[in-house]
Amino acid sequence: MSEQTIDFEQVEAMGISRQAFDEVLDIIGRQPTIDELSTLLAMWESNGKQQSLYGWLRGQHHVVERNDYLYSGDADHRAIREPKVKECLEIARTVSSRMSSISINTSIFSTGLLLYMVGNVSSEFADSEYARRCLHLVSEPMAAGGHEENCDYIEMILSALMSTEMVLAQMPVGRGGVFCSLLRFTNPLGYDILVPREVRLDAFLFGEEPGRYLVAVPENHDDAFLLKMDEARLNCCFLGRTTKNRIVVDGFDFGPISKYVS
């Protein structure tokens, strides 16, 4: 690898901001070479462009500090350490061990379909399978009443888009959170997803707050789908793509889907 160092004028020419470059310096602990920075930039554009460069490079803990994890649950929840991505492997096995393997009809599915979540990104893990089985927390059930009107609206929009084949399939996020719902949704394929950096990793993957829907979109309908979401004033979070039998979260390989569904 080239030992030629790089100055900030070259960094700017590569489309990297000063803040992102400083974050790279913090991560690798020294001045990068041109080849190193070019490689990092190419990898980020290929695999992590839906999140910040720093967030993708860091790849384990998310930016939310545990004391900032505030909601209307018990104060003890705020002291729970956020797991790293690799630590979620055991959580996933535990939470999915009693999940139903019944899935939607995926005969129309193929690898490389775009996966989105429609609805608000949740920071809750209270009253979930994860909270009960892994953290031994018992909370009051989250009220579903406030979500019913939103759910009806989202289902109406998605049903209309399915009739045009802009959306191939949709399913609400349910028991086991996004992780287990995606198992049911993509089985027997699999998925490769990135978790938004502004929310706790365990809350995003295993929280069960209602009012969120998974959708599969062909790549050639991506722009039209996003335009419809904007017109419908619906929040839409890019997750990743369907894969061939593997489960990958934030670049960490969780193994074949057969480990989680029978």
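Biologist: Buried means under 20% relative accessible area, and exposed means over 50%; on that scale, is D250 buried or exposed?

Modeller: This is a predicted model, and in it D250 has a relative accessibility of 12%, which is under the 20% limit, so D250 counts as buried.

Biologist: Switching to helices, how many of the residues of α8 are buried?

Modeller: For helix α8, which covers residues 177-186, the count is 10 of the 10, so the helix is largely enclosed by the rest of the structure. The buried residues include F179, L182, L183 and F185, and also R184 and T186.

Biologist: And what joins N187 and P188?

Modeller: Those two residues are joined by a cis peptide bond, with omega at about 10°, and P188 is found in the loop between α8 and β3, the strand at 191-193.

Biologist: How many disulfides does a search of the whole structure find?

Modeller: The search finds 0 disulfides. As for C88, the nearest cysteine sulfur belongs to C134 and is 9.7 Å away, whereas a disulfide would need the two sulfur atoms within 2.5 Å.

Biologist: Are C88 and C151 buried or exposed?

Modeller: C88 counts as buried, with a relative accessibility of 1%, and C151 also counts as buried, with a value of 14%.

Biologist: Where is F109 placed, and how far is its C-alpha from that of P218?

Modeller: F109 sits in the loop between α5 (88-96) and β1 (114-118), and it counts as buried at 9% relative accessibility. Although F109 and P218 are 109 residues apart along the chain, their C-alpha atoms are separated by 9.4 Å.

Biologist: For the chain as a whole, what share of the contacts comes from residues 24 or more positions apart?

Modeller: Among contacts with a separation of 6 or more, residues 24 or more positions apart account for 79%. The chain has 10 helices and 7 strands, and 48% of its 262 residues count as buried.

Biologist: Last topic, the second largest pocket: how much space lies in it, and which residues lie nearest its centre?

Modeller: About 200 Å³ of space lies in the second largest pocket. Its lining is made up of 15 residues, and those nearest the centre are G119, N120, N150, I154 and G211.

Biologist: What is the lining like by class?

Modeller: The lining of this second largest pocket has 7 polar, 5 nonpolar and 3 charged residues, with Gly counted among the polar ones.

Note on methods:
Residues numbered from 1 in each chain as written. Predicted model: local features only at pLDDT ≥ 70, side-chain atom pairs only at ≥ 80, totals over all residues. Heavy atoms only, no water. 1 Å grid on protein atoms, 1.4 Å probe; cavity = no way out; pocket = protein on both sides within 12 Å on 5 of 7 lines; lining within 4 Å. Points joined across faces, edges and corners; volume = space filled by probe spheres on them. Helix = DSSP H or I, 4+ residues; strand = E, 2+ residues; numbered from the N terminus. Buried < 20%, exposed > 50% of the residue type's maximum accessible area, 1.4 Å probe, protein only. Contact = heavy atoms within 4.5 Å.
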